[in-house]
Amino acid sequence: MKSLFKIICRYSFTAGMIIFAILLSNVAVFLYWGYRTIQSDQSKNFDRASVEEIGRQLYPAGSGWEITKAGMEKIENMECQWIMALDEDGAVVWEWQLPDDFARAYSLQDVAAFSRWYLNDYPVAVWKSGALLLVVGLDKDVIMRFSEMFPMSNIDGIPQYLSLAFTVNILLIVFLVLLLGYRFYKALKPIGKGIEELSEQKPLKLRERGMAGDLAGKLNKASAILQEQKEKLSVRDQARTEWISGVSHDIRTPLALILGYADRLKADNGLSSEGRKSAEVICRQSLIIRQLIDDLNLTSKLAYQAQPLKKALCSPALILRECAVDIYNERIAEENQEEPEIDIELSIEPDMEKLRVFADAGLLKRALRNLIGNSVRHNPAGCQVTVWLHRSGARICWKISDTGRGIPEAVVQNMDNHTEKIHIMGLRLARQIARAHGGDLIFERRDTGTYDVEMSLPVEESC
């Protein structure tokens, strides 16, 4: 879900940047529109400078006033409707296209009324030029004048109004970002949960609609394919386990006959000593074959969780001693004086004597016998095997070390690789048993480059 949260944060940040860009664009467009409007107004010459220039082009002529040619050109460029000039008494002393229904004299009150407003429905621009008052009539279909008075308190409050507007905009942006983020999260939450369940090989059936409908459909399809493959693998694994179990069972009967006849030959005094030795070799190798068959059957069941663990309270120290006794008894039973001497030394910490764990004692004994037997089999010249039983934190450990060659590097590196050149079924079976109990095998490197092995299990103790 952390990756989904990152996606949502990125989406929210992107949405915020988009909203900010939109607002910034709006401000830019507004400023540009205002600038173009001002430029457009200036292009029509409705500015004070134009009116002032016309006033300067008026001059007295006889009993009236005239305008220069330059002044007339200015008037034509300004596109106004009419112009009149009033003297100090309010009389019209000069006019240009002034409508006939307009008065030709105005009182002080009249001038005060139209100077900031309208004259006969025409918006007007007024400018004092020398002794004259110049009045310009603008196109009433194009220009509109608006006059209003504002108290200073309102003008002084403009910064507060701007701050409030800015705050509102920020809150709006935050709201939109959160809203978009929530909607995105709501749309992708089932997808994130579906991916987690898919990684755990659980079947999926997501609703294929909305923003993530296509993605949900693909996840459903992937889940269906994985479930189909899982079922096929389960059938194959079950068939493989049953086949190995069947073959193991079929081999036991002829192997028992071989062992029986070999025992009889070994006990036959009429047989030569060389023949009895051959019978003894047959017995020993037949026992090895039987052990390998049992290991193969057990490792197959453990690999596919077909071997139930018969857990009960048991003593790790007692299990270790029984393993050592069984190995000694087997070597005594072989009655072979040519076998090299093997010494098994047990080092059990005092607090381990009373410790009881909840485990499958039979499987633990099988694992320990494989580990100790590995040192015995691979040191034909004889060696001393030392087994330390100790506790490390919340784990119980059996460490097996010998004075022989140790475990080769190639064996440790190929624990997970199936190769015909290296036969390490005993070690793999011990590791499977340890992992079935929540533990593992740990290989400790010697100075010589070979390894000792330690089996560790979590302690679920009850004293």
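This is a predicted model: local features need pLDDT of at least 70, side-chain atom pairs count only at pLDDT 80 or more; totals for chains, interfaces and linings use all residues.
Me: Where is Asp-402, and is Asp-402 buried or exposed?
Reply: Asp-402 lies in strand E12, residues 395-402 (strands are DSSP runs of type E of at least two residues, numbered from the N terminus). Asp-402 is buried, at a relative accessible area of 11%, where buried means under 20% relative accessible area with a 1.4 Å probe and protein chains only.

Me: Which residue does its side chain make a polar contact with?
Reply: The side chain of Asp-402 makes a polar contact with that of Ser-375 at 2.7 Å; a polar contact is a pair of N or O atoms within 3.5 Å, where within protein one must be able to donate a hydrogen and the other to accept it, and residues adjacent in sequence count only if both atoms are side-chain atoms.

Me: Switching topic, what is the strand order in the five-stranded open sheet?
Reply: The order is E4-E3-E7-E6-E5, with antiparallel pairing, and two strands pair if DSSP finds at least two bridges between them. Strand E4 (92-96) and strand E5 (118-119) are the edge strands, each pairing on one side only.

Me: How many bridges join E6 to E7?
Reply: Six bridges join strand E6 (residues 122-129) to strand E7 (residues 132-137), and Ser-129 stands opposite Leu-132 in E7.

Conventions. Residues are numbered from 1 along each chain as its sequence is written. Side-chain values use heavy atoms; hydrogens and water are left out. Helices (H or I, at least four residues) and strands (E, at least two) are DSSP runs, numbered from the N terminus. Buried means under 20% relative accessible area, exposed over 50%, partly exposed in between (1.4 Å probe, protein chains only).
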